[in-house]
Amino acid sequence: MTKTMPLWEVFIRPRNGLSHKHVGSLHASDETMAINAARDVYTRRGEGTSIWVVPSALITASDPIKAEENFEPSQDKIYRHPTFYDIPEDIGHM
Amino acid sequence: MSPNLAKALLELADDNLILGHRLSELCGHAPMLEEDLALPNMGLDLIGTARTLYTYACEIEDKNRTEDDLAFLRNEREFVNCLLVERPNTDFAHTILKQLYFSTFMESYWTAALSSKDEIIMGIAGKAKKEMAYHIRHSGEWVIRLGDGTTESNKRICDAVTALHIYTNELFINSPNTEFFHKNNILPDRASLKHGWEQAINSIFKQGLIPYPKDNNELIGGRSGLHGEELGHLLASMQSVHRTYPGAKW
């Protein structure tokens, strides 16, 4: 199955102006079949206006074992969040 | 015979309902998850079209019948679908080839119906044509891959061609019920769609290395209510709930 029907990751753009979002994966023999299958599996309720499919094998992912060294160093750097500015009241929502 | 548009529409509606029901039989039984969603999806397109056609036919005949009466309370001999659509699913090759044969025909039928003098038929055609275009794409890509796939898949699709091709000619025969309406530009002339259909199927078969059948044998009878025994089984299953609990709603 994995040889003749490799795995594909599916990205759907819900509306013009928004970006494609990962929605799941599926098996298909090639890119044409993957687009068809993505349409059938992931856009049945009007979820999208555009579909991307990418062979899962082509995705390079970060190593879960390195999660600590990758992500923890940013946790104590709260000054990177834009929460230290006083916004004048009459500006309203930014 | 006085022209009766309701009777003519019934042929069209029955084709769509019966094939739609055949596809629904695969819900939970398709060979892979992707097809398990795709095939009943396509079934819903067809059943949706059938419903609109039945409702319009009921309105025209004015006998106080509803779409449910037409779908669930007629017996085998009263169904006027073509034989192709009632053929059993058998295996994936049969299912997908049947879909290609039918949707290729219906896509050209609805395209022609876009210039119908009847506005309701024109409206139904506009929606159904897009659905058929996708059915062709989905089933056509599969037929090519089954033909040009493995020895086993090639054998399966060629067996399906042998089994199903004899039912295709019936698609192009105008019936006594439809004759008047295609002559008056209300429904398309089925016979005029044959050449385009053969070219489209031939092109897909070529890409899939599938020999196009040479003989012109045909099996017909559906339009006059003469069906294979498989239709009886299909109706028994499709109508059982409505016949057991008349008027049931959920």
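How many nonpolar, polar and charged residues does the lining of the largest cavity have? By class, that lining has six nonpolar, four polar and two charged residues, where Ala, Val, Leu, Ile, Met, Phe, Trp, Tyr, Cys and Pro count as nonpolar, Asp, Glu, Lys and Arg as charged, and the others, Gly among them, as polar. The model is predicted, so local features need pLDDT of at least 70 and side-chain atom pairs count only at pLDDT 80 or more, whereas totals for chains, interfaces and linings use all residues. Residues are numbered from 1 along each chain as its sequence is written, chains are lettered from A and ligands numbered from 1 in the order in which they are written, and side-chain values use heavy atoms, with hydrogens and water left out.

**Largest cavity**

- One cavity of 30 Å³ or more is present in the structure; a cavity is a set of points, on a 1 Å grid over the protein atoms alone, where a 1.4 Å probe fits but cannot get out, and lining residues have an atom within 4 Å of a point.
- The largest cavity has a volume of about 80 Å³, a volume being the space filled by probe spheres set on grid points that are joined across faces, edges and corners.
- Its lining draws on both chains, including A:Met5, A:His27, A:Met33 and A:Asn36 as well as B:Met32, B:Glu34, B:His138 and B:Trp142.
- At least two lining residues each come from α1 of chain A and from α2 and α6 of chain B; helices are DSSP runs (H or I, at least four residues) numbered from the N terminus.
- The largest share of this lining, three residues, is supplied by α1(A).

**Pockets**

- The largest pocket contains about 660 Å³ of space; a pocket is an open set of points with protein on both sides within 12 Å along at least five of seven lines.
- Of the 20 residues that line the largest pocket, B:Asp68, B:Phe72, B:Met238, B:His242 and B:Trp250 lie nearest its centre.
- In chain B, α1 (5-24), α2 (33-61), α3 (67-72) and α10 (229-244) each give at least two residues to the lining of the largest pocket, which divides into 11 nonpolar, five polar and four charged residues.
- The second largest pocket has a volume of about 550 Å³ and is lined by 21 residues, with A:Met5, B:Trp142, B:Arg145, B:Leu146 and B:Ser153 nearest its centre.
- Helices α5 (92-113), α6 (119-147) and α7 (151-164) of chain B each provide at least two residues of the lining of the second largest pocket.
- That lining comprises nine nonpolar, five polar and seven charged residues.

**Contact between the chains**

- The size of an interface is often given as the accessible area lost when the parts come together.
- The area buried between chain B and chain A (accessible area, 1.4 Å probe, that two parts lose on being put together, summed over both) is about 1200 Å², and carbon and sulfur atoms give 58% of it.
- On the chain B side, B:Glu34, B:Tyr134 and B:Arg145 lose the most area to chain A, together 42% of what that side buries.
- The contact (heavy atoms within 4.5 Å) takes 12 residues from chain B and 14 residues from chain A.

**Buried aspartates**

- A:Asp40 is found in helix α1 (residues 31-42) of chain A and is buried, with a relative accessible area of 0%; buried means under 20% and exposed over 50%, with a 1.4 Å probe and protein chains only.
- Neighbours within four places in sequence aside, A:Asp40 is in contact with B:Leu37, B:Ala38, B:Asn41, B:Tyr134 and B:His138.
- The side chains of A:Asp40 and A:Arg39 are joined by a polar contact of 3.0 Å; such a contact is a pair of N or O atoms within 3.5 Å in which, within protein, one must be able to donate a hydrogen and the other to accept it, and residues adjacent in sequence count only if both atoms are side-chain atoms.
- B:Asp14 lies in helix α1 of chain B and counts as buried at 0% relative accessibility.
- Not counting residues up to four places away in sequence, B:Asp14 touches B:Tyr54, B:Arg74, B:Glu78, B:Phe79, B:Val80 and B:Asn81.

**Loop residues of chain B**

- Most residues other than glycine have a negative phi.
- B:Asn64, in the loop between α2 and α3, has a positive phi of about 65° although it is not a glycine, and is exposed at 76% relative accessibility.
- B:Leu209, in the loop between α9 (194-207) and α10, has a positive phi of about 55° and is exposed at 55% relative accessibility.
- B:Ser224 belongs to the loop between α9 and α10 and is exposed, with a relative accessible area of 53%.
- B:Ser224 and B:Asn81 are 143 residues apart in sequence and 8.8 Å apart in space, C-alpha to C-alpha.
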